[in-house]
Amino acid sequence: MKRDLKFIDDIITKIKYNNTYRKLKFGNIIGKYVNIDGKKLLNLCSNNYLGIENTNIKTIENTECFSRSIINNPLFKILESKLANHKIYERALIYPTGYMANIGIIPTIIQQNDIILSDELNHASIIDACKLSNGKILVYKHNDMEDLESQIKLKRKRTFIITEGIFSMDGDFANLKQIVEIANKKNAFVIMDDAHGDFVVGEDGRGSANYLHVDKNIDVYISSLSKGLGCFGGYVASKNNVIELCINRSRSFIYTSALPSQLINLALKRLKSNRETYRKKLWQNVNKLKIGLKKSGYQINSKSQIIPITIGDEQKTIEFSKYLLNNNIYAVPIRYPTVAKNTARIRISVTSNFSKQEIENIINIFDYGTYKFKLN
Ligand SMILES: Cc1ncc(COP(=O)(O)O)c(C=O)c1O
């Protein structure tokens with residue numbers, strides 16, 4: 001055979017040269033810790049922000065495996081109704097993951113010749129979803145309302161503004177108030193992915209739109225069950241007709257297997273758990289950690305539980321992550337292509353179950369890090 005895959009090696013060599021090479025890491029997650037090579041590390045990468053403790057569910061034996069277009073376990077109906085109530089929308093629909101929700105919903109709603117205005121820092125799943133759609137994609141500068149407004153010129157065309165609620169890598173909130181004002185003025189629709197705000201902020205954890213008092217103005221609300229709820233799956237909440245169209249046309253809903261009912265059961269249990277207590281503790285931890293990091297000279301702009309420590313240089317960020325590992329802290333270096341080149345960072349995500357002592361410990365280790373890595 002003459003063919004070889006040498007071009008693949010060339011691509012990998014380039015990735016390595018740019019210090020953006022990733023190796024799979026294996027470890028066991030045990031509550032707030034991760035066990036890697038026999039070492040117990042405090043996990044600063046968890047998306048289980050509320051740290052809701054494990055609820056006993058049956059193991060995944062005898063699980064049914066069907067597309068939802070064939071048959072649905074009645075538990076889906078119960079969870080979807082509860083999620084619709086949680087968001088105060090007419091109806092909700094569950095997808096296997098948040099990623100699949102985005103790539104399924106966005107191309108279903110956006111039609112040929114529609115205009116999409118997408119924040120430049122939107123998550124990869126939103127970017128992929130926009131590319132899968134037949135709309136014309138325009139990217140506006142991150143959270144820059146002047147740029148957003150200046151790009152909405154074609155009043156006659158149907159326009160969709162797409163943003164995250166809390167941005168996953170920067171931890172800042174979208175300027176939802178202004179986005180909604182612009183959308184109302186220009187007769188545009190707003191689609192929001194609130195994977196990191198849902199269950200975490202707002203009244204009873206209703207999410208970023210509720211927190212910023214614009215929840216009546218988001219047309220399509222997409223979220224994940226794998227972050228604040230600490231479970232698995234994605235969902236959309238919207239008007240009846242949007243959900244109906246998704247059931248009929250959304251490819252990542254129809255042409256794949258449904259979540260196992262055990263996971264739906266788990267989500268129902270977690271939804272019912274004492275989330276307010278967990279949320280309270282989370283925000284105490286977030287505030288304490290931010291105060292400590294600021295004292296050490298870190299510039300903390302994030303208003304959420306996601307705290308990026310931007311180091312910039314990829315190699316230095318890898319070294320910083322190794323330093324944390326040596327101090328029993330797990331926080332992976334976030335590099336290109338997840339974030340822009342030369343904005344490599346340690347992304348801290350805070351969870352409610354860190355103890356006071358552990359927060360102090362994190363602060364001390366990051367404090368010494370400023371000296372060791374000459375960050376100030
Ligand atoms: C903003 C955003 N949307 C969607 C997703 C995907 O969610 P899931 O993990 O449920 O696929 C993520 C995951 O990191 C995310 O950050």
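**Ligand site and local geometry**

A polar side-chain atom of His123 lies 3.5 Å from an oxygen atom of the ligand, where a polar contact is a pair of N or O atoms within 3.5 Å; within protein, one must be able to donate a hydrogen and the other to accept it, and residues adjacent in sequence count only if both atoms are side-chain atoms. The model is predicted, so local features need pLDDT of at least 70 and side-chain atom pairs count only at pLDDT 80 or more, while totals for chains, interfaces and linings use all residues. Residues are numbered from 1 along each chain as its sequence is written, and side-chain values use heavy atoms, with hydrogens and water left out.

**Ligand contacts**
- In the side chain of Asp193, an N or O atom is 2.5 Å from a nitrogen atom of the ligand.
- The side chain of His196 has an N or O atom 2.6 Å from an oxygen atom of the ligand.
- On its own the ligand has 390 Å² of accessible area (Shrake-Rupley method, 1.4 Å probe), and the protein covers 83% of this.

**Ligand surroundings**

**Salt bridges**
- The structure holds eleven salt bridges, each a side-chain nitrogen of Lys or Arg within 4 Å of a carboxyl oxygen of Asp or Glu.
- One of them joins Asp10 and Lys6, with the closest N and O atoms 2.7 Å apart.
- Both residues, Asp10 and Lys6, lie in helix H1 (residues 6–17), four residues apart, about one turn of the helix.

**Backbone**
- Most residues other than glycine have a negative phi, and most peptide bonds are trans.
- Asp204, not a glycine, has a positive phi of about 55 degrees.
- Tyr336 and Pro337 are joined by a cis peptide bond, with omega about 10 degrees.

Key:
Helix = DSSP H or I, 4+ residues; strand = E, 2+ residues; numbered from the N terminus.
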